[in-house]
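Subject: Structure for you to look at

Dear colleague,

I am handing over the structure below, and I would be glad if you could read the notes that follow with it open beside you.

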Amino acid sequence: MTTHIQENNNQLIASFSGRLDTAASVQTAEDVKPLLEAMDKEIVLDCNELEYISSSGLRIFLGIRKEAAKNGSRVIVRNINTDIRQVFMMTGFISLFEIQ
């Protein structure tokens with residue numbers, strides 16, 4: 001599992017690649033800390049190369065959303081595959097995030 005963060009205009013884009021399972025969630029939580037510290041920007045979670053997300057991964061996404069909401073920032077989730085979309089639908093995350 002890898003996480004890459006880049007800034008583009010007024011957006012911070014976090015690109016996820018691999019399986020965001022329980023084992024990977026500890027490192028991923030560390031990797032996304034810059035998103036929590038820069039809440040004046042729009043946050044994009046790009047899941048184009050994300051193969052799987054566990055409940056631990058969903059908690060990371062939810063933590064990002066909560067911090068962003070406190071600061072009036074927006075979180076967009078992009079490029080989720082069919083399996084991850086189903087997880088989002090089953091857990092209600094589909095209504096918590098702007099999905100593109």
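**The core and what surrounds it**

In the largest nonpolar core, which has 24 residues, those that touch the most other members are Phe16, Leu35, Leu45, Leu50, Phe61, Ile64 and Phe88; such a core is a set of buried Ala, Val, Leu, Ile, Met, Phe, Trp, Tyr and Cys residues joined through side-chain atoms within 4.5 Å, where buried means under 20% relative accessible area with a 1.4 Å probe and protein chains only. At least two residues of this core come from each of S2, S3, H3, S4 and H4, the helices (H or I, at least four residues) and strands (E, at least two) being DSSP runs numbered from the N terminus.

Please bear in mind that this is a predicted model, in which local features need pLDDT of at least 70 and side-chain atom pairs count only at pLDDT 80 or more, while totals for chains, interfaces and linings use all residues. Residues are numbered from 1 along each chain as its sequence is written, and side-chain values use heavy atoms, with hydrogens and water left out.

Leaving aside neighbours within four places in sequence, Phe88 is in contact (heavy atoms within 4.5 Å) with Leu58, Phe61, Val77, Phe93, Ile94, Phe97 and Ile99. In H3, the buried residues are Ser56, Gly57, Leu58, Ile60, Phe61, Ile64 and Ala68, and their cover includes S2, H1 (22-31), H2 (33-37), S3 (42-53), S4 (75-78) and H4 (82-91). The end C-alpha atoms of H3 (residues 55-70) are 22 Å apart, which agrees with the 22 Å that its 16 residues should span at 1.5 Å a residue, the expected span being 1.5 Å times one less than the number of residues. Just after H3, Gly72 takes a positive phi of about 75°.

The sheet is open, with five strands in the order S1-S2-S3-S4-S5 and mixed pairing, two strands counting as paired if DSSP finds at least two bridges between them. Its edge strands, each pairing on one side only, are S1 and S5 (98-99). S1 (residues 2-8) and S2 (residues 11-20) pair in the antiparallel sense over seven bridges, with Thr3 opposite Phe16, and in their hairpin, which has two residues between the strands, Asn9 takes a positive phi near 55°. S4 and S5, by contrast, pair in the parallel sense over two bridges, and Glu98 in S5 is the bridge partner of Ile76.

With best regards

How values were computed
Buried means under 20% relative accessible area, exposed over 50%, partly exposed in between (1.4 Å probe, protein chains only).
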